[in-house]
Amino acid sequence: MNDLKHIEELIEKFLGGRTTNVEEQQLYEWFASADVPEEWAELKEMFAWYAAGMPEGVVDMSSAPQKPARRRITLSRLFVATASVAAIVVAVVMLWPKSGESINIYEGSYIVENGVRYDNVEHIESDIKMVLCRADELEAKADELLAWADI
Amino acid sequence: MKKLLIIVALLVAGITQSSAQQKIDELLSRDISGNRYGITYRSAVKRDPQTGEIIKRVQEFSAIDNKALVKEFIEAFKAERDNADVWEYDENGSLYTVTAIWTKPKRIYNLSVGGSMITVYAQTIYREE
């Protein structure tokens, strides 16, 4: 009796589109094996159809209680949601400010030699590093002077 | 009246600060703009690797066999003697150097003349590393 009550609850959940896969499997197995009450004869046929993978033209479902199309809608919604999230992730990755590794810390540097300007940072990087190195030495001396002057 | 005097004093201080190094900067920009032989100008920028923000900007200017230019730079550096927070002059044999320093933001200007070569460094440190 308890078994029937439990099955009745599962049927209600199924028709409401709230059953889990395990619960649905439980229903299919129960309807396939148990002595089904006469009033559930149509349901037996319906669950057999679901259990068989919903083949076309095998059963007349017109009189059986209709299961809401929630599962299919859920799947399509899930697909749309996944695609949306993927699109957002791609957009964020593309638009996000470049991380430290992709920033050239010497960007904007240039050299003018005999009136010719060179601003390809990759080509002049070693020169720029030398300039900054000499500037660091001057800065260290300047710091000593500032300390001496108590500023 | 007191407020007015304070405002005027602040304005004068602002003007003085903004005109500091102006003559040297003018010489630097003037001499790189033309097609001048014997002059090398390097403008180095160092950025924060995380944000891309400029931490330091350094100008290195060098020229050879240009006595007129040497004279102009020496005069420009001498003119900053009273404006700079620290100003140091050194003459050692044929090497003549002047260093002028300003704080907030930290600016270090250095002139070095030796033989027929003149080198000028002008660096601004926007943020300590």
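This is a predicted model: local features need pLDDT of at least 70, side-chain atom pairs count only at pLDDT 80 or more; totals for chains, interfaces and linings use all residues.
**View 1. The contact between the two chains.** Chain A contributes 25 residues to the contact, and chain B contributes 30 residues. On the side of chain A that touches chain B, two or more residues come from each of β1 (110-113) and α5 (121-148) of chain A. The largest share of this side, ten residues, is given by α5(A). Sorted by class, the side of chain A that touches chain B holds 16 nonpolar, five polar and four charged residues.

**View 2. The hairpin of β1(B) and β2(B).** Strand β1 of chain B covers residues 39-47, strand β2 of chain B covers residues 54-64, and nine bridges link the two in the antiparallel sense. One of the paired positions is B:Thr40, whose bridge partner in β2(B) is B:Ser62. Six residues lie between the strands of this hairpin, and B:Gly52 has a positive phi near 85°.

**View 3. The pairing of β2(B) with β6(B).** Strand β6 of chain B spans residues 117-125 and runs antiparallel to β2(B), with nine bridges joining them. Within this pairing, B:Val58 is found opposite B:Gln123 of β6(B).

How values were computed
Residues are numbered from 1 along each chain as its sequence is written. Chains are lettered from A and ligands numbered from 1 in the order in which they are written. Two strands pair if DSSP finds at least two bridges between them. Helices (H or I, at least four residues) and strands (E, at least two) are DSSP runs, numbered from the N terminus. Two residues are in contact if their C-beta atoms, placed from the backbone, lie within 7 Å. Ala, Val, Leu, Ile, Met, Phe, Trp, Tyr, Cys and Pro count as nonpolar, Asp, Glu, Lys and Arg as charged, and the others, Gly among them, as polar.
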